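I opened this notebook to record what I looked up about aromatic rings in one structure. My entries follow the order of my searches.

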Amino acid sequence: MSLIKEDLQDLLLKFCEPENALLQRIDRETHLKVLMPRMLSGHYQGRVLSMLSKLINPKRILEIGTFTGYATLCLAEGLAPNGLLYTLDINVELEDRVRGYFAESPYDSKIKYILGDATQTVNDLNESFDLVFIDADKKNNGTYYDMVFDRVRSGGLIIVDNVLWSGKVLSNQQDKDTKNISTFNDKVAADERVEKLILPVRDGLFIIRKK
């Protein structure tokens, strides 16, 4: 799903931090054993998420959409010493695999992995957040954005994945999924409560800073 040519992508990887052994294994096993492995963030995007997290050193992170936990562990790298990361997902079939990966990481005690419909479980969290990463069902991007907005501190980040949708957002004839993403992008663009930019990383990362 990268918008960048493969040879240039290889060059970018040459000049970023390497994956650790656990992340390499999550990537490999996800591609070998899990349906729709393209949903995994991967090396370069993972380093971007790690860097953004480290820059703000969050005490509380919320991730909506865990998949196999690759991005979760990248975001956790920036947590403050007493920080917590809440990650929400609906796929119970991946639970044992994901919990196993978390248990092998240095961040297991800092990760709260919650299964269920995120439009419901997010309401159970009595927290404010420094960083929110939204990477779940795209039709609900706007719903998740609205649900978390008041819980994000001033200066905090909301990051939303797949906002370029393989370049389909440029099409004049958009399918339902693409229209949902374009509608969300327009919503954020018109929101004067935030500063925003889209990074053309992999499938597009919307970086949104609450004023």
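The entries below concern aromatic pairs and their surroundings in a predicted model.

Entry 1. I searched the whole structure for aromatic pairs and found 5. One of them joins tyrosine 86 and phenylalanine 129, with 6.1 Å from centre to centre and 85 degrees between the planes. I noted this pair as edge-to-face, because the angle is over 60 degrees.

Entry 2. I turned to phenylalanine 184 and phenylalanine 206, whose ring centres are 6.5 Å apart. Their planes stand at 85 degrees, so I recorded this pair as edge-to-face. Phenylalanine 184 belongs to helix α8 (residues 176-189) and phenylalanine 206 to strand β7 (residues 205-210); the pair therefore ties together parts that are 22 residues apart in sequence.

Entry 3. Phenylalanine 184 is buried, with a relative accessible area of 4%, and phenylalanine 206 counts as buried at 4%.

Entry 4. I looked up which residues form a cluster with these rings, and found that Tyr145, Phe149, Phe184 and Phe206 make up one aromatic cluster. Over the face of phenylalanine 149 lies arginine 193, at 3.7 Å from the ring centre.

Notes: Residues numbered from 1 in each chain as written. Predicted model: local features only at pLDDT ≥ 70, side-chain atom pairs only at ≥ 80, totals over all residues. Heavy atoms only, no water. Phe/Tyr/Trp six-rings, centres within 6.5 Å; stacked < 30°, edge-to-face > 60°. Helix = DSSP H or I, 4+ residues; strand = E, 2+ residues; numbered from the N terminus. Buried < 20%, exposed > 50% of the residue type's maximum accessible area, 1.4 Å probe, protein only. Lys NZ or Arg CZ within 6 Å of the ring centre and 35° of its normal.
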